[in-house]
Amino acid sequence: MSALLRVSDLTVEYDTLGGALRAVDGVSFTIAPGETVAIVGESGSGKSSIAHALLRLIPRASGRIAGGRIEFAGEDLAALPEHAMRRVRGARIGMIFQDPMMALNPVYTIGRQIAEPLLLHGSVPVRRAMDRVVELLTLVGVPAPEERIRQYPHNLSGGMRQRVMIAMALASGPRLLIADEPTTALDVTVQAQVLALVDELKARLGMAVLLITHDLAVVSEVAARVVVMYAGRKVEEGPVNEVFADPAHPYTRGLLAASDWSGDPRERLREIPGTVPALAELPEGCSFWPRCPDAEPRCRAARPAELASGARRASCVHAERIWRPS
Amino acid sequence: MMKTVLGVLSVGLAAALGATAAAQTPVRGGSLTYTYHPEPTAMSTVSTTAVPVALVATKIYDSLLEWEGAEMKPVPGLAASWTRSDDGRTWTFKLRDGVKWHDGQPFTSADVKFSVENIAKAYHSRGRAHFGDVEAVETPDKSTVVFRLKAPVPYFIKAFQPTETPMLPVHKFAGVDLASAAAVRQAEVITRAPVGTGPFKLKEWQRGSHIILERNPDYWREGRPYLDQIILRVLPDGAARAIAFEKGEVDLAPQSALPEAELQRLGKLPGVVTSSAGTEALGPNLWLEVNLREPPLSDVRVRRAISMALDRSRIIDVIWYGYGKPGIGPIVSSDPNFFNKALKPYAYDPKKAGELLDEAGYKRGSDGVRFRITQNVLPYGENWTRLGEYVKQELSKLGIAVDTRSADLAGWLKTVYTDYNFHITSTFQHNYSDPTIGIERSYHSANIRPGAAFQNSMGYKNARVDQLFDLSKRELDPAKRKAQFDELQQIIHDEQPVIYLLEMQYVHLFHKRVHGLISNGISMYSNWANVWKEK
Amino acid sequence: MTVQVASGVVSLWHRFRRNRAAVLGLAIMALIVLAAAFGPLLYPVDPFDMLGRPSTVPSQRFPLGTDVSGRDILAGLLHGARVSLLIGIAASLAATLVGLVVGALAGYFGGWLDAVLMRTTDFFLTIPSFVLAVLIVAIFQPSVLIITASIAVVSWPSVARLARAEFVSHQGRDYVDACRAMGMSNAEIMLRQILPNALPPVIVIASLMVATAILTESGLSFLGLGDPNIISWGYMIGVGRTVLRTAWWMSAIPGVTILITVLAINLVGEGLNEALNPRMRQR
Amino acid sequence: MTSRLSYVALRALQVIPAVLAIAVLNFILLHMAPGDAADVIAGLSGHASAEMTAELRRSFGLDQPLIVQFFVYIGRLLTLDLGISLIQSRPVVELIAERMGATLILMLTAIGVAVGIGLLLGILAALRHRSWTDTALSVLALVVYATPQFWLGLMLIVFFSITLDIFPSGGMRTIGAEFGPIHSVLDVARHLVLPAGTLGLFYVALYTRLMRTSMLDIMTLDYITTARAKGMSELRIAFTHAARNALLPIVTLLGVQVGHLLGGSILVETVFGWPGLGRLVLDALLQRDLVLLLGILFISSVVVVLTNLLVDVIYGLLDPRLARK
């Protein structure tokens, strides 16, 4: 199967007072056309940085893609000149963000904001733009779209705003939709609606979705495959049902246990003992060992290699008995 | 130092003579631009005789007579002729026929009577001095005015100078409450819409920017004025005025309108005339006013010591850039009629000054200080501030510690002339063309009146001086009157109730293309009907 | 406690040091302060003494030349530094104190006190500030004290507004409630708990105010509203102004001095801003 | 729309106590000063006797008890009668009206140009954050910020008016010249360049700095990332999405600036002989023309307050979130 997106060895660094920090450290994964892949992890695990890196949205002043390739439909986005990159953004890859209130410009009408990508990428003639906006809003289930286009973000409810964001991301018919924690800022009932919408649109429009979330329940509902991130590194990857049924990495196990135990998928994963280490103070060896119930001396000695078994990957020495190095 | 001053003077005179006596024929037309600051606050000298008002008002409003030469000889103007009775108590003026106000109304004896009785006598600051003895003003016909005086007034004729008694149109005062100073001051013809008989009338006044006067086509003197326009440019900053003059944007900077610092440089430019001629009837006299009520200063030896401690030539050279002469006494040396030539300035002699103070019992303390005084500074700008700094410096060397106090004009006037709350202050006064008008106010004990600005603030009392003033006020014989003033000057010079520092010199700067500016002792206040400009 | 403060200052210095412009500003400031403090001792020339010929160019005897009255310009500059700095710092201190008190009371207690204090503050902001300063100086007669007071009077409202905003934002926070629960008095909470947190932005604005105060003083002096017994930079510009054409340096020297001083203070202020402002720190 | 109108009306009503308070403060301040207009008039006339000064004081009502003067003053103010200038003997309203135009032209030009240029430079600096351009602009802004205005004015005169001789050194128009309407405007414009430049340069610096900071703040916000994710260029984002939001905090400052500007114009009008209110206020102050001074301060506070009102309205237009409040 030829991948729509092939990320290999992606490394993202941020400049800080103490020097460069690796927010994403050698992460690789792929997404096939029409596939939904989820990236999960606690806050600070680097998952959002991946999303931003894919579209090269990391502010130049503060950080950069320090290595790796981002092959999208055969082009390496990481090496593309800025003007060519702009033709990818919003046209071939759409993105929706965590907080629709913050992600919408408060001083412009939503009609204008949705129309922007259309006009930018020349998908429709100017005089047709507003008709297309109305169509898009209808598509994402916004009632009375003709009125909505003249309203401002603060006039809408949270769920409606996120629908607007989705409409905006879909405007130019992208082949990949990156959804960066799209439901975190919404309340529970709305979350379900928005996810259902994304799922439905995916099927209808035949696009791939990269879902960034910390919510395992969401993952199990919509994603086919999952990538688990910890402290900037990929610790496990595989089909959702397999990973969730039999996690190979103690961290994944911890995540699952925590979310099961709490029963509230929105609850932050604080039940794993300890906290995510600051990137500047990563321990030697496996980043997870200080919190790992199964930690052994060799975990501290060296970074574990990635092991593979079928479609599954994991970076933990404990998987060695059954898995082979990938 | 004297050389500089003389040099400037001779250049000025020569230029002035050249300008008036040149065989060139006057040309009609053109406009003359002058600059001055501050802006006039009124259009008539009745409400104030401040320089900016006098400069512009005298072109619009004439008085009865015109004046020639530095000695100010009266010649016919609105009055074609006049006679004085032998006892000096009756003056009869014959008015010129056919003179019209700017609004076309005829000028008559009723206007003269009104201008003197109702306005000048009541509201002009020197009105009481000039007309206090007028018993009656009679107007037997439209062109005759007779003044009847209680007693002879030797300087009576001088009241008819343009700044003193401007002729105002009685018909424009209908409805004005003549009993109220404020109402008179607010009359339209005084504040903003002047109607005079002068050679120029007001065309445009943009506040803060400029005033344009234009030719009065109905002016009574045939063929005058030569100029089409007189323009005043108001430029608040001295440097800006200098630049405007240098660039030729203005033709004339009258009466020290430019900072002295710039005068020498600009005066050397080709085609520029520097002149101090034409100010003889003003005679500005600069001094330190001393509060004689305050103990160390009440001692004449202390005042003499201070007078000796100040280097007049340095003040002239460094602070006034060479413009001026050492101050001598109450009447300035440029006065052609009344100056007592026997007097000399106090010589700069700090050593002797110190001895005088020792002798008076004011010895230096352990800190070198003999006593402390305060000094107020006339808030008229930078030169005065620097004079204050110089006085402070020089007196501190002598052992007198000086604390300088600064205030704006209102505060200064109140402190000095109402509260008498000062030790020394700088100030200056004009001699004018007659000492009774010019100097009596400062030395006669009758003028120790709180609230009377620029009068006897020192609290100076000398019975003989009072008597001499009273006598000279009625003395019709010029020689006797001169003798009275000579004695008076000698007494005051000895007693130094004020420390005479400098006879200021007003300097006019103008481009050579302008002619006829210097005509009498108050040239800038004459009506400029004869001024003309080369094309 | 003292250790904490000391380490706070040290870390502040570390953050501050990274801004090279700010360090340069601080160095210049230090030089000016030294010149003001010791200059007149090392160069004991009376700035009012008419020692030389007027308007001479710089020479060995007069390193910066003489002014229109033959006074030593260098002496004026050194003595003027004292006045400018004294007035600038004193006025800013006074304004900061008043502004802090008003802002703290208004922000902490809220209610009618807040309303009254803030309306008063707004009211002062409505009057053109330089006009008010001119007015006060003219009315009470110029002296160092009055000039300082007039600048403080027109400067405090901006501090008050800022301090109020800080106190309002801290007032609602958990730690303040906790302190209250512990039985701390209002004064203690305001002084010991909130003030240290609210201080950084106030310090920044106060440092910049010194610069504005120096400029205001020079403006007043230029208009002839300076203290006649002392020499200041603004006064020197005023003196030099009349001879702009023949001796431009006479007003340029004090002008540039004011410029450099104000520039240095601004650089330090910006450096402080970056070092103290947590939001800026992240960037 | 009605709600906005009533909001404006409400704000306008709130202005009244502020303006009254200003009037009271000014009255008290001015009467604390030594000396009065009668002293000045008497002083300027050179020879006034004590009687004459007293007569002047009486006819101006300055001899009345302070409290009486105060109520007379407030009473007149309530009927919007600003009285008659003591020194110039003309209605204060007339005197102010004559000067208002010049000051407004000067202020509006200065602030307009300053805002325009300052905002552009601020955006530029923010776009080129941490580049050579950014540093140069910041340093330049700081230098201008630190330059005494009156001194800058003098230096500009020396350079542009004397050395290069391309602009007049002072005044508002060529006096006595008979120009057509277009020429007149050009003539005023020529005279305006240096004073407006002097007054405006400071604000260029100020707005460059403010806009830069504001832009840098805004450029980190999520909706800017959204715009980038749409494929917009940085320049386009800066001018559409960022600039309008960055303007908001700056607009609120504009209101405060007007008062500041009026103060600054005193110095600039002095240096350039610009016939505006700034000079009038200084002259009135020095001549103790209380009536005129109170009138000017009253009018200027009204202007400041009205400007703040206008700023509120503009803010409402720029920020739709406020429209419904």
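Six salt bridges are counted between chain D and chain B in this predicted model. One of them joins the side chains of R192(B) and E94(D), with a nitrogen-to-oxygen distance of 3.7 Å. Polar contacts across the interface of chain D and chain B amount to 13 residue pairs, with both residues at pLDDT 80 or more. On the side of chain D that touches chain B, the elements giving two or more residues include α2 (37–45), α3 (50–60) and α5 (92–127) of chain D, together with α7 (149–163), α10 (234–272) and α11 (277–286) of chain D. The greatest contribution to this side comes from α3(D), with eight residues.

Five pairs of chains touch, and the pair formed by chains B and D has the most contacts among them. In this interface, 57 residues of chain D are in contact with 56 residues of chain B. Between them, chain D and chain B bury about 4,400 Å², of which 54% lies on carbon and sulfur atoms. The residues of chain D that lose the most area to chain B are L44(D), H47(D) and I175(D), which together account for 16% of what that side buries. Chains A and B, by contrast, do not touch, and their nearest C-alpha atoms are 45 Å apart.

Aromatic pairs were also examined, and the count over all chains is 35. In chain B, F131(B) and F156(B) form an edge-to-face pair, with 6.0 Å from centre to centre and 85 degrees between the planes. F131(B) belongs to helix α4 (residues 127–131) of chain B, whereas F156(B) lies in the loop between β7 (144–149) and α5 (181–185) of chain B, so the pair ties together parts that are 25 residues apart in sequence. F131(B) is buried, with a relative accessible area of 0%, and F156(B) also counts as buried, at 1% relative accessibility.

In chain A, the charged end of R300(A) sits over the ring of W289(A), 4.2 Å from its centre. In chain B, the charged end of K59(B) sits over the ring of W528(B), 4.2 Å from the ring centre.

Conventions:
Residues are numbered from 1 along each chain as its sequence is written. Chains are lettered from A and ligands numbered from 1 in the order in which they are written. This is a predicted model: local features need pLDDT of at least 70, side-chain atom pairs count only at pLDDT 80 or more; totals for chains, interfaces and linings use all residues. Side-chain values use heavy atoms; hydrogens and water are left out. Rings of Phe, Tyr and Trp (its six-membered ring) pair if their centres lie within 6.5 Å; planes under 30 degrees apart count as stacked, over 60 as edge-to-face and the rest as tilted. Helices (H or I, at least four residues) and strands (E, at least two) are DSSP runs, numbered from the N terminus. Buried means under 20% relative accessible area, exposed over 50%, partly exposed in between (1.4 Å probe, protein chains only). A charge sits over a ring if NZ of Lys or CZ of Arg is within 6 Å of the ring centre and within 35 degrees of the ring normal. Contact means heavy atoms within 4.5 Å. Buried area is the accessible area (1.4 Å probe) that two parts lose on being put together, summed over both. A salt bridge is a side-chain nitrogen of Lys or Arg within 4 Å of a carboxyl oxygen of Asp or Glu. A polar contact is a pair of N or O atoms within 3.5 Å; within protein, one must be able to donate a hydrogen and the other to accept it, and residues adjacent in sequence count only if both atoms are side-chain atoms.
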